[in-house]
Amino acid sequence: MTSDAKPFLQIQNLVKKFGDFTALSDISLDVYESEFVCFLGPSGCGKTTLLRAIAGLDIQTYGTIIQDDKDISALPSSKRDFGIVFQSYALFPNLTIYKNVAYGLENRKLPKPEIKARVNELLELVGLHDQGDKYPAQLSGGQQQRVALSRAMATSPGLLLLDEPLSALDARVRVHLRSEIKDLQRRLGVTTIMVTHDQEEALTMADRIVVMNQGVIDQVGTPEEIYRTPTTEFVADFIGTMNFFPGEVVKNGQVKVGGTLLSCSTDGFQNGDQVSVAIRPEDVNAQDISDDTATENTLSATIENMEFLGSFYRVTIDKNIFSGDLDSDHLLADFSVNLVRRKDIKPGNVLNIAFPKDLIRLFPVAP
Amino acid sequence: MTDVSLSPGQRIPVKAKLSRDDWQMRVTMVAIGLLLLLGILLPLYTMLSKSFENTDGEFVGLANYAEYFSTPALFFSGINSLTISVIATMIVLGIAFVYAYALTRTCMPFKWFFRLVAIIPLLTPSLLGGISLIYWFGNQGVLKDLLLGNTIYGPIGITIGSSYWVFPHALMIVITALSITDARLYEAADALRTSKLKVFFTVTLPGCKYGLISAGFVIFTLVFTDFGVPKVIGGNYNMLATDIYKQVIGQQNFQMGAVVSVVLLLPAVIAFTVDRIVQKKQVALLSSRAVPYTPKPSAGRDISMFLFCSVVALFILAMLGMAQYAALVKFWPYNLSFALDNYNFDVMDGGGWEAFWNSIYMAVYTAIFGTIIIFFGAYLMEKGRGFKAGRTAFHMIAITPLAVPGMVLGLAYIFFFNHPDNPLNFLYGTMAILVIVTIVHFYTVSHLTAVTALKQMDNEFESVSASLKAPFYKTFMRVTVPVCLPAIFDISIYLFLNAMTTVSAVIFLYSSDTTLASVAVLNMDDAGDTAPAAAMAMMIAYTCAGVRIAHVLLTRSISKKTQAWRGR
């Protein structure tokens, strides 16, 4: 996965048009051997279109795809080397689990005992070795998706494509299968691309996340990078929760929000630039601040509302905190149950909160 | 990542290479499409051009049409056809709506019985209704006096006879329209304390509006283009469909036959177009989250509905029963003892028992070849990748036959296949042409049934099998066909029943070696052998009923066998 390794899959300047609508505009991306990459984005962002182009199911209008040093840009699906799993499982309903998994192997004209050994090995791998004689309709959704995964892996393809594989499942099964798929992928070492609109899924499973929006790639990076250092406002907003406030860079290292000056890194911006000032709710700090000493970026906040979310409270803070008429939502802050108890935080109370300077991010505002 | 930095406009578009599957699927689909083209558009074209020619084959422009519209007898046939069709449409639509309402929205007892009785006309040729009416109300009819001196031979007979045989066609559409309602609409109306009458006019009627319109057009087209009933009971009251027959068979005036065909074709095409538009809207009303409606008992409504349905059922059974009675009676109305003499078809003109066996062969061939071609064609169209223009064109050709009345199709076939320069001329007068015309005639409904079944299958099956390097025909045989087996049986039974009962298209195309049972009914009736005609019609009815029962049993045993994978 190092940058000097040769990429296994190279996508170069891919464009896909449906009539006048541009679903993908100039997408370039490298995927490395054994990597688990997630395409993440809201519906209609082009992630599935990109996956289908890689699979040859809907071939791109322009651009090149190179897999394993072979130009596959124009090849039909049947000439490419991949296994695919769909949200709908797409298991053949009239064939048994065993026959489903064996389907691809039979097309390779392998000897029967070999097919049998391989199918059993795969079913063993997903914990369904005793279910081979059943039909898909007799299994639960999670089990069916495991079968679909075994079927896709049976022929040992070089590339595994997963199209929203977990979206049709119950929340609990989804979480469980998430780690199972990731585990299987790691053990088999197969290069994998998964499409999802679920950020939690992408954050937990991916080695690298490709965040897409309106047919372009906004950011590519590890889950930590994407979450901690989003490079666009879209990524910051789409992944996790983010507070945004309109501000202006007043001098190097300082922005003005409402009537308040905040210290933060202003690299890449000039004085007078209009910016969007962003901070995550969990980065709003009320922990180690005494109520009387005012330190950097510390403001007095009035608690407006509190929402109990189990292990923490999501606290709404009156936006007048910045002493100015701001055209934005309230400020959200996540406080642990422990902190709320210790500091006796209640709606109506006033307390000091701080915005740690290195956790504030600025994004340019489109003029 | 790359140093290619051309703007998208400057680049060469990727030209997708086609897989062997793509080629095979496209070529096969185009081949089936061309066959259809040959079976429907070319004959229609030949007929159309014939209507602009004189007897010597010279182009005369609209002269034939001018002659048609200035011949009062012919012109009034058009008016007659319209009048009868409109009246029959109103009668049948009203009855079918109440009958369907009783079956779907009430707790009336014996629903299964009423459902069963309602499909009887589908199992009989349309002529049977006419023959029965002769025995009930004809010159020597049992209930002749009920007509108060009016004659059954004419508009009254045509209207009643037509209503009888189109009833199930309309009923099925209305039942479907009434079945797809959302129970929650009624619960909401109840919660808002809406009166029953208001609920009916604001929820029930709008909900099945499109179904009713669609049914109306179907009835209109069927009656307008039907040939059997007016032929048997029309007397001197001329209709367009009988005119074509008279012009072609009686006077050998093919050009005028072609003109009348075009006149007959036009309203049918208009009705068909409107119906297509309306049906698209009906589909949009469907939501997969709708909760099915379950009626609650209401004594007054249930009893009155039961009485209504009983009257309708009695009428249908009376038609069937009289035909059977007449077939068994020795010599109506003088010797009412029973005998099987009327079934001794071989001593009668009309084709004899051979006609019956011909019909069976024809229906079997139609069902087998028709189902294979239609289902495979629909599969290639529905599941093929790319080639959008070709697939759309295929669909357009496949739904065309529905707009073409059987008489018109039959006549068009004469013009096309009987042409000495046509290399397919050898088909003329054979069993093959009867099978072809019947498949084409009933292509559309079967095609739509297949498409509906195929649409219910996950589109990703084809993607998965391509990724597993399975050729398309393997997945077709191993997955698509088994999963769609119920629909495939539905198509074959539909083709079989229609092949057994149809008269309109084949009437122009049979030869002395290939007389059909339904044609024999017509010819025996024409020759005055009404009782044997009734007997032959009943032979068709027995066959259809038997096949229908076999179909139910077969479907049941298959659904039992496949229960394991069809899910709970």
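1. The C-alpha centres of domain 1 and domain 2 of chain B sit 23 Å apart. Domain 1 of chain B covers 62–323 and domain 2 of chain B covers 345–561, with bounds that come from an automatic or database domain assignment. Keep in mind that this is a predicted model, where local features need pLDDT of at least 70, side-chain atom pairs count only at pLDDT 80 or more, and totals for chains, interfaces and linings use all residues. Residues are numbered from 1 along each chain as its sequence is written, while chains are lettered from A and ligands numbered from 1 in the order in which they are written.

2. The contact between these domains takes 26 residues from domain 1 of chain B and 28 residues from domain 2 of chain B; two residues are in contact if their C-beta atoms, placed from the backbone, lie within 7 Å.

3. Which helix gives the largest share of the domain 1 side of chain B that touches domain 2 of chain B? That is H11(B), with eight residues. Helices H5 (126–137), H9 (228–233), H10 (240–250) and H11 (254–285) of chain B each supply at least two residues there. Helices are DSSP runs (H or I, at least four residues), numbered from the N terminus.

4. By class, that side of domain 1 of chain B has 20 nonpolar, five polar and one charged residues. Ala, Val, Leu, Ile, Met, Phe, Trp, Tyr, Cys and Pro count as nonpolar, Asp, Glu, Lys and Arg as charged, and the others, Gly among them, as polar.

5. Between chains, 32 residues of chain B are in contact with 36 residues of chain A. On the chain B side, H18(B) gives the largest share, six residues. The residues of that side divide into 17 nonpolar, six polar and nine charged.
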